[in-house]
Amino acid sequence: MVDCWLLYQTCHGTSVQWLVVNYLLLPTSPLPLIPTPLGEWGPRVPHLPTSPSPHLPNPHSLGGVGAGEFPISPPPHLPISPPPQSPMTKLIVLKLDGDFNQGFRVTLEIGSEGERPETEIIGNLPSATEVALMYSDWQSIYRSLSKATRVIKLKRARIDGSLKKQREECRQQASELCDRLNIWLRAEPFFPIREKWLEKVSTTEEVRLIIRAENYQLWQLPWQEWDLLERYSQVEIGLSTLESEFSPKAEKSPIRNQLKILAILGNSEGIQVEQDRQQLLNLPNAEITFLVEPQRQELNDQLWEQHWDILFFAGHSQTEGEKGRIYLNQTDSLTLNELRYALQKAVTNGLQLAIFNSCDGLGLARELKQLHIPEMIVMREPVPDMVAQAFLKYFLQAFANSKSLYTAVQQARQRLQGLEDEFPCASWLPVICQNPAAKPLIWVGQRRRTNPRSFIWRSLRTVLATSLVVTSLLMGVRSQGFLQKWELASYDYLLRQRPPEEADSRLLIVGADEEDIRKYKYPLPDGILARLITKLEQYQPVAIGLDIFRDQPVLPGHDLLVSQLEQNQHLIIVCTLGNTTKNSIAPPPKSPASQLGFNDLEVDHQSDTIRRQLLSRTSNPTSSLSPCKTPYAFSLQLAGRYLKANKIPVSITVDKDWQFGKVVFRRLQSHSGGYQNLDARGNQILINYRAHSQIARRISIEEILTGKFEPEWINNKVVLIGVSAASVQDNHTTPYGKMRGLDIHAHVVSQILSAVENQRPLIWWLPQWGDALWILAWSVIGGVSVLLVRSQYLRQTESTIHLVVALSITSPCLYWICLRFLIHGYWLPFIPTALALLLTGVVIAYIPLPKPEEV
């Protein structure tokens, strides 16, 4: 028999009174000391159950393991941010599904931080009830030891070395547990998992390991003692369930330069929470609100009304079955479920991390599963006050120096090993519980000041360098003609989007329709054409253009037509230059050279579209062989007659451009607008088609000959005569669709007259260097737009969103500007500019951006 001693001991979060009862020492069967509870865990904690048998699992011991879903939360606001990820950082997820009786199905996932797993393999762990039993044994010894380790106050003191013996028993049981755990983890069905890990993960890499399991006994195991992890100097473990869910996006909180911490200092009977307070007060750039032994309503209001980054609790807590309970003050305690709505509101307002520096916290983590807190730090078991204070000190030192949460916990946990002479297994206690999808966080406790101007300039420099490369590439590709087809197609499309215009009242088109063909036959006889010209001449037009070939007589009436050609100074007749002498067409015999005009149309052979008109040709060795001797276009001759009648001078500039009055028609060069390597011989202009379904009033030959017209339709007008019957093929492709040659000539005549008399714009284009600057400018705009949109997001995985949003803003702007400029006569490059927007946007959306410069 031994004397009865009343010992008063404390641990952080637990105050216990124990009466050591008398017991018999049986020589044949020595029994361990089994304490009998006389008091409570603090003022509001129920009586503790008797320690379990070392040979039977205690469900209450396992019930303290937290579980549940830890939904992902959006990235925090300013004070907390994802850490800079090294390409060597590995995320390893170990999923275990099953129980210790049946064994576990294990899935290993290995990948880089922020990316999908690169490797996945499935294995098994056999049943191992002895592992759970051994943990229960160790737990029993540890919990009885924890009641005898911290500030022992003796009312009658004689220990006889029993404390030292209990510590040694705890260490021995911990060693045996670790040995048995590692034997289990080296089981043959688990061997492929281990080998794949060693194959894919270098020992020099930083590793974040997440154990995902629904079996809470697995959560209790000292995974940090796994012998495989001894190879890695930078590895820490987090616990999570197999299931997780995405939380609603947090409300945007005000931008702050400091972290906001709500620190709850609960019931402090027997413990020194003032030390925790002092550690928090030493933090740089942190705004801390302390609630000392608060009332429930006071805590509830703070969670509802403020935006908090971190929730901290120090005081008494415990796990009751499967629920965690915290003690706010000397009289009040509550489960976290009783603060459910307030905590959910705090998460919506930006709460990112909860730290419970109190005893037996896995039950708290378990209750927090529906509250959407991304990460938590709790203690697995009752924690001595000195250990809790040391952990908080070490953790805050690392975390406030921009270490990631995992690295800070690892360093603080490992430093607790220095206390294990007095507090065995102290380094087992801290543990992270989190959503597996949440990124590890850093807290920039020592706020880094950045140089905004330097950061902006460095980012813009990246955009500018990218834009220069993209622009140079596109200008090189463009100069080879690879973009010409698409540029001309976009030019056609923009032309068609211009607002409609009125028909040109200075022109009259006399076209032989189907009725005329049936009545007068085809080709039209010379006599009919002579009658038509005589009739028109009676009403004094300024010019008559006959767009009908007469290289051969068409009887009857040939003499009458020849007479008109010789006497009528207003008449212009056509011939064709052709590409060779074989396909050229001669004018009527004895036609005066001054009354001839070639009606050749310039075709862009990539699309067989007519966008250009040759106004005049220059002499060349083959021109003398052509039967069509005139150097002037049919349309130029007609427009010249009209301008001469209105006393508007026509001349050639020193740059060999046509000038009508004060208006200079800029001729096309080999590189003009979308044209690259163009055959620009002669004086070619872009046709500025009038945006109207009919360029001018149209009337048939029969209507003229029978007098069915108004005299003002002809007087002082330019009259064009041709064939408009669909049965006579003369259709050509234009930006406005199919159009007869006669109408194209009318558009050119109208373009010249409108530019001179109505200041209707001509089509202009930028020089090559101007195009390059235009494309470069929009390339920079595209890059800056993506940069601005990207700055609104924190996750690199949203790069496609950045690109789509930026292009959806800039591309319509580019289109609208190009259209507005074209309406006023300026042809700006759309296709290469759009490509520059896209390419620069893609690069800026996906490349790493420079980091803010620290000062």
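Strands S14 and S15 (residues 323–327) run antiparallel and are joined by four bridges; strands are counted as paired where DSSP finds at least two bridges between them. Helices (H or I, at least four residues) and strands (E, at least two) are taken as DSSP runs, numbered from the N terminus. Within this pairing, Thr319 has Gly324 of S15 as its bridge partner. The structure is a predicted model, in which local features need pLDDT of at least 70 and side-chain atom pairs count only at pLDDT 80 or more, while totals for chains, interfaces and linings use all residues. Residues are numbered from 1 along each chain as its sequence is written, and side-chain values use heavy atoms, with hydrogens and water left out.

The S14–S15 pair belongs to an open sheet of three strands, arranged in the order S14-S15-S16 with antiparallel pairing. Because strand S14 (317–320) and strand S16 (333–335) each have a single partner strand and stand at the edges, one side of each is left without a neighbour in the sheet. Neighbouring strands in this sheet are turned against each other by 25 degrees on average, direction ignored. Angles run from 0 to 180 degrees between N-to-C directions, and axes are lines fitted to C-alpha atoms, for helices over the stretch in contact.

A further antiparallel pairing is formed by strand S33 (residues 731–734) and strand S34 (residues 737–740), again through four bridges. These two strands form a hairpin with two residues between them, and Thr733 has Lys738 in S34 as its bridge partner.

Asn568 lies in the loop between helix H16 (558–567) and strand S23 (571–575). This residue is buried, its relative accessible area being 5% (buried, under 20%; 1.4 Å probe, protein chains only). The side chain of Asn568 makes a polar contact of 3.1 Å with that of Glu537; such a contact is a pair of N or O atoms within 3.5 Å, one able to donate a hydrogen and the other to accept it within protein, and residues adjacent in sequence count only if both atoms are side-chain atoms. Beyond its neighbours within four places in sequence, Asn568 is in contact (heavy atoms within 4.5 Å) with Ile533, Glu537, Ile544 and Gln595.

The axes of helix H20 (residues 768–790) and helix H22 (residues 831–846) come within 8 Å and cross at roughly 35 degrees. Residues of H20 including Trp774, Trp778 and Arg790 meet a set in H22 that includes Pro832, Leu837 and Tyr846.

Notes:
Buried < 20%, exposed > 50% of the residue type's maximum accessible area, 1.4 Å probe, protein only.
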